[in-house]
Amino acid sequence: MALLEVSGLTAGYGIVQVLFGLEFTVDAGEAVVILGANGAGKTTTLRAVSGMISGGGAVSFDCKQVQGSRPEQLLRAGIAHVPQGRGTITDLTVDENLRVGAYSRSGSDVEADIERWYDVFPRLGERKTQHAGSMSGGEQQMLAIARAFMSRPRLVLLDEPSLGLAPLVTREVFDRVAELVRETGTAVLLVEQNANLALAFASRAYVLEAGRIVNAGTSQELRGDESIRKAYLGS
Amino acid sequence: MERFLNFLFIGLGNGAIYAMLGLGLVVIYRSTGLLNFAQGEMAMFTTFIVWSLSDAGLPLWLALIGGMAAGFVIGAVVHQVIVRPVGDPHQKPLAVVIVTIGMFLGFNALAKLIWGNEQQSLGNLFGRGEIDILGTAVAWQKLGALLILAIEAIIFWVIFQRTKIGLAMRSVASNPESSALCGVPVTRILMIGWGLAAALGAVGGTFTAPTSAVDANLMQLPLIFAFAAITLGGFDSFVGAVVGGLLIGILTDVVPRYVDIFEKMPLAPAFLLILVVLLVRPEGIFGQKKVTRV
Amino acid sequence: MSTASEPIAGTSAPLAPQPPVAKAGRNWLSIGTFGVFAIILIVLPQVLNAFWTGRVTGWIPIAIAALGLNLLTGYNGQISVGHGALYGLGAYATALVINEWAWSFPLAIVFSAIVCFGAGVLIGLPALRIKGLYLALVTLAVATLFPQVLEQFSDTTGGSTGLGVTSPELYRGRIRDRSIKFEAPEWTGLASDQWRYYFFLVVAAICFLLVRNIVNSRAGRSIIAIRDNETAAEVSGVNVARAKVFTFGLSSALAGVGGSLLALYLARVSSGSFTLTTSLYFLVAVVIGGAQSIAGPAIGAVFIGVFNDVITPDLPEAWKPASPLILGALLIILMLVAPGGVAGLIRQFTGRMRTRKLVNSAINNPSSGGTT
């Protein structure tokens, strides 16, 4: 059984329905991307999976049904969500942000983990006691990712890391996350508009359009696909 | 000189009470981001509970602890049932203000309904003795208030800055959504914050009561002074609440006796001070400027 | 910008932006309702006895003050918990000019309006830098300070005993100060309480029309824009400072008019009428009636009036102190269930009816409009 199995996922806001029955899976240690343009429902998808909004359908994680759970419960089960726009806790320092990320853990290895993240992201280490809200977008993105990993999750939901970041910074973020995935064996479910970077990063991909999955396959297959090329890769 | 010192200590004693109320306001502001206009009435209500327990025969210290426990429960329930369903104070400030005003009216009337309109008296926690300081007689009660205030402030500072739950409270105050995503039990944290603030109210009220007699209007003016205190000190600062409270206490008790025009307007010097502070340094003396990137 | 992650706009929180409503003029339901209300208002004194006409007359100053508060807090987003102080300022100003210089009632009302406009501007200027909850606090302090100021200067203000509003009269050969009265002119054939009622009603009508015209004008849109997003308004060319200060001034002037009418109504001003509770009750009226409508404050004032004059006296004695509890509980429930107040509920209801009509006509005329 896959680590994350989602079927028939529906969700919306008030009377507006945004997702119309999605089906996708993520295996342990895998990096999967859901591609989609603005308004397709990418963020809504992650929010429905992590429990931030309520939705219909079946979500199973680690072979247990988890639909309807709250974010705190899913975090303890092993799903960490890096929300759209980073979601840094702006009034806390970098160090404190990481500590909050480890809230569900206890024990002395939290300290060791924090040090490790300062090694992985030296810029964070330099700004340990700085207020998170005063950092640049790229730095906040790295903080948000490190914070998510602090809970030692099995699956990380990553929402549009490229949003609002300069191309060079975005590339750097993607490179780092790819490294992390390789080292820790954490699965990642990414949603992105930037198909080039995303397909280079992930091994499998789904395409989301207007709340429905219209295409799926390995990154290689999709890169070769004409319609995808035209719509998302600009060639 | 002697009279001045006398007034000074009275002011400090009262200021300690405003600071205690202010600490509760800061706790709520730091954890939920809203100003609880009903803080005073909730404090009055729990003080009545303390009185009831004391009247039933419990020694005053025990009655206070009982009142604090009851206050904690009331605060937690109020948050859960009334405050939380209203929504995010950052998005709907007026709705939250209205709800706390509703609670203001409600707790006041409820107290009148349960305990009637008569004034009750409550003893001094520290007895009636006095001590000679620098030539003036200072009541132990006033010194006791200052001592308890210091203890409260230290306890809260430690909790918020050095404990995991304090970190959780600050995190929730800043970004409840992200906190939930990190596994922080947001609702439980908020309930605890409100419970703590209400428990603090019981302490403040118990110190006010001996001089003022316990009735439904016990906390109305002290609450305004407490707001003045945290405005001066910074909404999000415990140190600010303490310093602000003591300053406001001194101002309101000393200035009107020396400056005739303020004789019947004890609130005026405090009011002028907070106006100046808000214009010059809106985040208060010890507050932190909110960082926002547009 | 991805829109899927934003909640639906037009939620009925008191300060949330409202969905655009069709202009009232074109809506038959709206005109009809307004017409019915106007008729009720005009006929009221003929139907009620003198006591109740008097009572209802006493609700009108509250309505005008609530109208002013609504303009400031509902439309412009500046929270004020201190309008009771401006209400009191207007009342004392009127008492002063009538007692000292025997001004006529209309002149006294205008005087109060001007004085309070000035006071509002004075408060509005520092309020530019003090926003949101801080402003609520400062106005709360003002409301608490006001009775203390009255006490301090009790030589002029009469403190808690207050001042009678009097005019000199020839009585048994001597000039005496007697409480002012409303005398209906002969040709109207009205009793004095009815005349007073219509006088107040006219003043109120002028105020409500004035506010309605402002709200629907370009200035009004600027005011509302500032509430929704001050920065955006600024960069769109709105002179935010001028608009905010002006709104404060106008809102205070309206409260002053209300206070002036109160002084005329009670023929006495004293500190007990202008406490913190007064300010709170204005806010309650605005919220219950509906914070972003013209009729809202009137509905809210009626509610407060009925609550104080009709319901409370009828409660069993033991329950009397609990009456603010009912008000408080109501406020809370309202915020949870219908934050837009009564007016908001009406708007939702009429909106739904209008949608149903649209849907029905679309069903019955499948060829007209619709999307594929």
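Does C:Ala267 count as buried, partly exposed or exposed, and how many C-beta neighbours does it have inside 10 Å? C:Ala267 counts as partly exposed because it has 18 C-beta neighbours inside 10 Å, where a residue is called buried if 20 or more other C-beta atoms lie within 10 Å of its own, exposed if 12 or fewer, and partly exposed in between, with C-beta atoms placed from the backbone. The model is predicted, so local features need pLDDT of at least 70 and side-chain atom pairs count only at pLDDT 80 or more, while totals for chains, interfaces and linings use all residues. Residues are numbered from 1 along each chain as its sequence is written, and chains are lettered from A and ligands numbered from 1 in the order in which they are written.

C:Ala267 has a positive phi of about 55° although it is not a glycine, and it sits in the loop between helix H11 (240-266) and strand S4 (268-269) of chain C; helices (H or I, at least four residues) and strands (E, at least two) are DSSP runs, numbered from the N terminus. In chain A, Cys63 is likewise a residue other than glycine with a positive phi, near 65°, and A:Cys63 lies in the loop between strand S4 (55-61) and strand S5 (64-65). A:Cys63 is exposed, because 9 other C-beta atoms lie within 10 Å.

Turning to chain B, helix H1 (residues 2-32) has 31 residues and reaches 44 Å from its first C-alpha to its last, close to the 45 Å expected at 1.5 Å a residue, the expected span being 1.5 Å times one less than the number of residues. Of the 31 residues of H1(B), 24 are buried, so this helix is largely enclosed by the rest of the structure. B:Gly33, with a positive phi near 80°, follows H1(B).

Helix H9 (residues 220-233) of chain B has 14 residues and spans 20 Å from first C-alpha to last, close to the 20 Å expected. Because 12 of its 14 residues are buried, H9(B) is largely enclosed by the rest of the structure; among the buried residues are B:Pro222, B:Phe225 and B:Phe227. Their cover includes H1, H2 (39-55), H8 (186-212), H10 (238-258) and H11 (267-280) of chain B, together with helix H6 (132-152) of chain C, two residues being in contact if their C-beta atoms, placed from the backbone, lie within 7 Å. H9(B) is followed by B:Gly234, whose phi is positive, near 110°.
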